[in-house]
Amino acid sequence: MLIYLVNPQVPRSRDEEKKGLYPPLGLLYIATVLKERGYEVKIYELNVESSNKLIHDVQREQPDVVGITVHTVSFPIVKSLIKELRQSSPSTTIVCGGPHATLCPEDFINIADIVVRGEGEEVARDLPNLLHAIKELKTRAMKTTLVVQGASPNIDELPIPDRALLNTSYYGENIGVLVTSRGCPFNCLFCCVRYLFSRAYRARSPMKVLQEVLYLVDRFNVHRVKFVDDEFTVVRSRVREICQLLKEYGVGVTWSLPNGIRVDTVDERLLRDMSEAGCDLVWFGIESGSERVLKYIRKGIDLEKARGVIKIAKDYGIRVGGFFMIGAPGETLDEFKKIIDLIPKLDLDYIHFSIATPYPNTEFWNWVQVHGRFITLDYQYFEKTFIFETPDYTIRDRLRAVELLERELGYYELSDDVKIIEELLTRT
Ligand code: SF4
């Protein structure tokens, strides 16, 4: 069986451009499981390769399955891509998975053949049965879509994602990116992780993490590793063991936590162990400068504690970045200003602001419907600009928040993209 897996083009911010492209690890786990089953798998990276090449190859090779990972922002692109794929090879089964398929399977009805919600490895293992089921259904109805819920696998038993399936030259030093856990036991109102991976935290054992790092070092000459878990430090004893193993085996890599961790999941002992094991950069999810907002969004961190933890990390030679949001549920412009006051006191090395974005069918989405209004539901604007407002924090206020960031902190990363909203407003 020939299977193509596609990572569609995702519009990226200036900050993301600077970080470079990350390998599509979710897709790679699936690809590795399929390869183990003896299938021929090819991965298409459309953030680099042209979709014309994909269409051309589909026409020529008529793969049995094309699997596509879909984010909300890439859904419009994927929809038109699927149209072209259907024309090129009508008999190919189209399978969609990833965050948007999980949150919004109804968007794929009569577009994809199979929609996979949640984690896809167990579904990949059952692929022949699924293909049989969809063929049976199609003999009865012309158009149909099968929605399946992927079971959460024991992630310690999953194979190490086989980077040889990728064109590694696309990812540069980011080939050293890896994930060691899934799920998050916390319950922040704005966050999607629980919908994608559940609140059950499942982590690779320290020895398996070491194996993957050693594989990256041996096979790809990696000197720098990035752990991109949603929350790497939930179980401190596990992180300490990972640090211990990295030192014991003299692995000699430096490493970072670019996706952010909570300030209340680390302490001095852990930060010291991390620093001694090669960690030189940590990002913390701080989100707001208002204790009230932090409580309201159930982030529940203490800003004094954040300040203390940042200082300790820096004392151990770890550079520190802070993630913040504009437009968290319950925020007002006055409360946003508290971030501006807070940031100089935190003495961070880097800051990053994102636009709070409610994704379809989530608690945040429902919150907007009760407390405010959407300006647009067009997915192409998600993450880029303010897609909703509330009576006490209007779009004008949100744009003022961006101006404040520019003027007070010299932060210009959002400036270009958010202005699209001015144009959208004139249409509403
Ligand atoms: S924001 Fe971080 S801590 Fe909160 S639920 Fe999401 S992953 Fe967990």
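This is a predicted model: local features need pLDDT of at least 70, side-chain atom pairs count only at pLDDT 80 or more; totals for chains, interfaces and linings use all residues.

Mentor: Residues are numbered from 1 along each chain as its sequence is written.

Trainee: What makes helix 3 roughly parallel to helix 4?

Mentor: The axes of helix 3 (residues 51–61) and helix 4 (residues 75–88) cross at roughly 25° and come within 9 Å. Angles under 35 degrees count as roughly parallel, over 145 as roughly antiparallel, 65 to 115 as roughly perpendicular and the rest as oblique. Helix 3 is therefore roughly parallel to helix 4. The axes are lines fitted to C-alpha atoms, for helices over the stretch in contact, and angles run from 0 to 180 degrees between N-to-C directions. The helices themselves are DSSP runs (H or I, at least four residues; strands are E, at least two), numbered from the N terminus.

Trainee: Which residues make the contact of helix 3 with helix 4?

Mentor: Helix 3 contributes Ser-51, Ile-55, Val-58 and Gln-59, and helix 4 contributes Leu-81, Glu-84, Leu-85 and Ser-88. Two residues are in contact if their C-beta atoms, placed from the backbone, lie within 7 Å. These residues divide into 4 nonpolar, 3 polar and 1 charged. Here Ala, Val, Leu, Ile, Met, Phe, Trp, Tyr, Cys and Pro count as nonpolar, Asp, Glu, Lys and Arg as charged, and the others, Gly among them, as polar.

Trainee: Why are helix 9 and helix 10 called oblique to each other?

Mentor: The axes of helix 9 (residues 206–220) and helix 10 cross at roughly 45° and come within 9 Å. Helix 9 and helix 10 are therefore oblique. Pro-206, Met-207, Val-209 and Leu-210 of helix 9 meet Arg-238, Glu-241, Ile-242, Leu-245 and Leu-246 of helix 10. By class, this contact has 7 nonpolar, no polar and 2 charged residues.

Trainee: What is the relation of helix 10 to helix 11?

Mentor: Helix 10 (residues 236–248) packs against helix 11 (residues 268–276) at about 25°, with the axes 9 Å apart. Helix 10 is therefore roughly parallel to helix 11. From helix 10 the contact takes Arg-236, Val-239, Arg-240, Cys-243 and Lys-247, and from helix 11 Leu-270, Asp-273, Met-274 and Glu-276. The class division is 4 nonpolar, no polar and 5 charged.

Trainee: Which residues surround the ligand?

Mentor: Cys-184, Phe-186, Asn-187, Cys-188, Cys-191, Val-193, Asp-230, Glu-231, Arg-262 and Gly-285 surround the ligand. A residue is near a molecule or strand if its C-beta atom, placed from the backbone, lies within 6 Å of it. The shell has 5 nonpolar, 2 polar and 3 charged residues.

Trainee: How is the protein chain divided into domains?

Mentor: Domain 1 spans 2–150 and domain 2 spans 171–348, with bounds from an automatic or database domain assignment. The contact takes 9 residues from domain 1 and 11 residues from domain 2. On the domain 1 side, helix 5 (residues 99–103) supplies the largest share, 3 residues.
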